[in-house]
Number of protein chains: 2
Amino acid sequence: MRLAIIGFGAVGQGLARALAETDSGFVVTAVLDSRSASINPDGLDLREVLARKKETGLCGSLGSGVPDLLSSGAFDILVEVSPTNAESGEPALSTIRSALAMGKHVVTSNKGPIACAYHDLKALADQKGVMIGYEATVAGAVPIVSGLRQGLAGNTVRSLHGILNGTCNYILTRMRDEGLTYPQALQEARDLGYAEADPTSDVKGIDAAIKLVILANTLLGMDVVLSDVAITGIDSITLEALSLAEAEGATIRLIGEILPGKNLMRVSPRLIPLDHPLVVGGTLNAISVCCDLAGDVTFIGKGAGPYPTASAILADLNFIRDAYGRGA
Amino acid sequence: MRLAIIGFGAVGQGLARALAETDSGFVVTAVLDSRSASINPDGLDLREVLARKKETGLCGSLGSGVPDLLSSGAFDILVEVSPTNAESGEPALSTIRSALAMGKHVVTSNKGPIACAYHDLKALADQKGVMIGYEATVAGAVPIVSGLRQGLAGNTVRSLHGILNGTCNYILTRMRDEGLTYPQALQEARDLGYAEADPTSDVKGIDAAIKLVILANTLLGMDVVLSDVAITGIDSITLEALSLAEAEGATIRLIGEILPGKNLMRVSPRLIPLDHPLVVGGTLNAISVCCDLAGDVTFIGKGAGPYPTASAILADLNFIRDAYGRGA
């Protein structure tokens, strides 16, 4: 099947490297970054595109863009991995809508469109008989979407608790393990590239809340928006609070919680026993679901990074190929 | 789709209750235990069959059995959940072969046939265009099979480490947490029903090794048998050894390990840092896979019990229905 990749930052390049290194059976016919594009209906040489991007900062010719790609139609799956806009989902949302309307499958790591408009996009995809894959939007390489949809199919989820933001988990881990203050740990996270220059979305719990909205709407039968989530960040956590937790055999982590039956969604720092499976270190993500048949099932893994995100994208791509691509 | 359930012990009854309690869309046309059978091509009343089993110990009429079921042909999926025979896989293996040869799908929680003959069974299933589901044979409700096959599709697994026997994990947890000796902890596990009267297969590591064989042959591209696994049990673990581990911030757990690249498989008590995701408590199971793209991903959950096993069986049943059952 033919892929068009929109967005050629760390994730797009990681995916291109993963595709170039393996005999994946996918042909990439288009790569677009914010300023340029390479389009070849017969398939691009990904190593060449990667080398060009590294050398020049551009993946292809200036001036070509999404409209050219869409009008070419030379792809079966649109892979949307451009930077996210969590408020409107744009411009990715419009691009995804156009691709679905053309009867193209879509796979994305872009949280905005899925958090803002999943039910609309899913209805459009169903109408056109295509799929929309979004495993990469939540918890990176952790296969929580396929885990709930396939591995735990037949279960009713009673509650979901997750560590969904690696930056916050890194900060809280370092505060506990090394006795760093919040500003010290935040600075360290910035120095290591785990936190952005403006860390508001992470440390205020907004990023985790967006992921809760995605999980709730796509897997737990809910219909919610970001403002439905009660959000408290980690920026007021003190070493004293962590010491008090430690004295009880617990620690503090930023937990996203969904109770579908009570329509409750919240992100907040929570006391959690040190031997609980959700207590993971560093930038790891973890999600525990409490199911009626399976009981508690926990998934742990890398929540970010080019290759972990590529892993999730490839899972969606393989699923689509298995479901639709035989003989294509 | 129509199900025939062979085996009506704890797992078979758990599955029947789960199917009776939900609108699963599956019709059960046959239930067999070791002495009796209920067969009705129009569908059985599962509540009635469960009540009869509880009252009389039989699920149906004496004298009817597998040959009658197979000759009736009145099912689409054979659900084989009879007690396992890990050495020959029989009699389940022959029953499964017959069903596949008839072009019927098979879903099983029975380790023996999968450990003994997966490659043969898979070839037969492929030839007949049907599926064989075995999620329930390894780690109960933990969706490791679908996790590797779907959620981490596109990855190469470099190593796998797992806690695959809940009885051993319970014993080692109680030795560490409560200072019980091995015989004391084993007796407690027996009293609670976690260990069988003859616990050899569990405590000697054989059960965990059988699960490694299944994972290796079905998901990691290997072709191995039980005697390829180097096995050491937990029956020589002392409190002194656990104290020494504790002093290093570690503990001892029975770990199953596969290194596909080195063709290495072993089950043995291993020192493991207390903050490692694999250190789970009580009867839980846990599996960590190290993947080329995703990095380390860990799955934790209940490794046994009627409902957790039913969860895994239902995942396979739903997968088959989605792949083959549209309109059936």
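Mentor: In this predicted model, B:Thr167 has a relative accessible area of 8% and therefore counts as buried, the limit being under 20%. The residue belongs to helix α7 of chain B, which spans residues 166–178. Apart from residues up to four places away in sequence, B:Thr167 touches B:Tyr194, B:Ala195 and B:Asp202.

Another point of interest in this chain is B:Val289. The largest nonpolar core has 150 residues, and of these A:Val289 and B:Val289 touch the most other members. When neighbours within four places in sequence are set aside, the contacts of B:Val289 include B:Leu148, B:Leu152, B:Val157, B:Ser159 and B:Leu160. B:Gly295, B:Asp296, B:Val297 and B:Phe299 are also in contact with B:Val289. In soluble globular proteins, nonpolar side chains tend to be buried together.

Helix α1 of chain B (residues 10–21) packs against helix α12 of chain B (residues 306–324) at an angle of about 65°, the axes lying 8 Å apart. The two helices, α1(B) and α12(B), are therefore roughly perpendicular to each other, and their crossing is right-handed. On the side of α1(B), the contact is made by B:Ala10, B:Val11, B:Gly14, B:Leu15, B:Arg17, B:Ala18, B:Leu19 and B:Glu21. From α12(B) come B:Pro306, B:Tyr307, B:Thr309, B:Ala310, B:Ile313 and B:Leu314. Sorted by class, this contact of α1(B) with α12(B) has 10 nonpolar, two polar and two charged residues.

Key:
Residues are numbered from 1 along each chain as its sequence is written. Chains are lettered from A and ligands numbered from 1 in the order in which they are written. This is a predicted model: local features need pLDDT of at least 70, side-chain atom pairs count only at pLDDT 80 or more; totals for chains, interfaces and linings use all residues. Side-chain values use heavy atoms; hydrogens and water are left out. Axes are lines fitted to C-alpha atoms, for helices over the stretch in contact, and angles run from 0 to 180 degrees between N-to-C directions. Helices (H or I, at least four residues) and strands (E, at least two) are DSSP runs, numbered from the N terminus. Angles under 35 degrees count as roughly parallel, over 145 as roughly antiparallel, 65 to 115 as roughly perpendicular and the rest as oblique. A crossing is left-handed if the near helix is turned anticlockwise from the far one by less than a right angle, and right-handed if clockwise. Contact means heavy atoms within 4.5 Å. Ala, Val, Leu, Ile, Met, Phe, Trp, Tyr, Cys and Pro count as nonpolar, Asp, Glu, Lys and Arg as charged, and the others, Gly among them, as polar. A nonpolar core is a set of buried Ala, Val, Leu, Ile, Met, Phe, Trp, Tyr and Cys residues joined through side-chain atoms within 4.5 Å. Buried means under 20% relative accessible area, exposed over 50%, partly exposed in between (1.4 Å probe, protein chains only).
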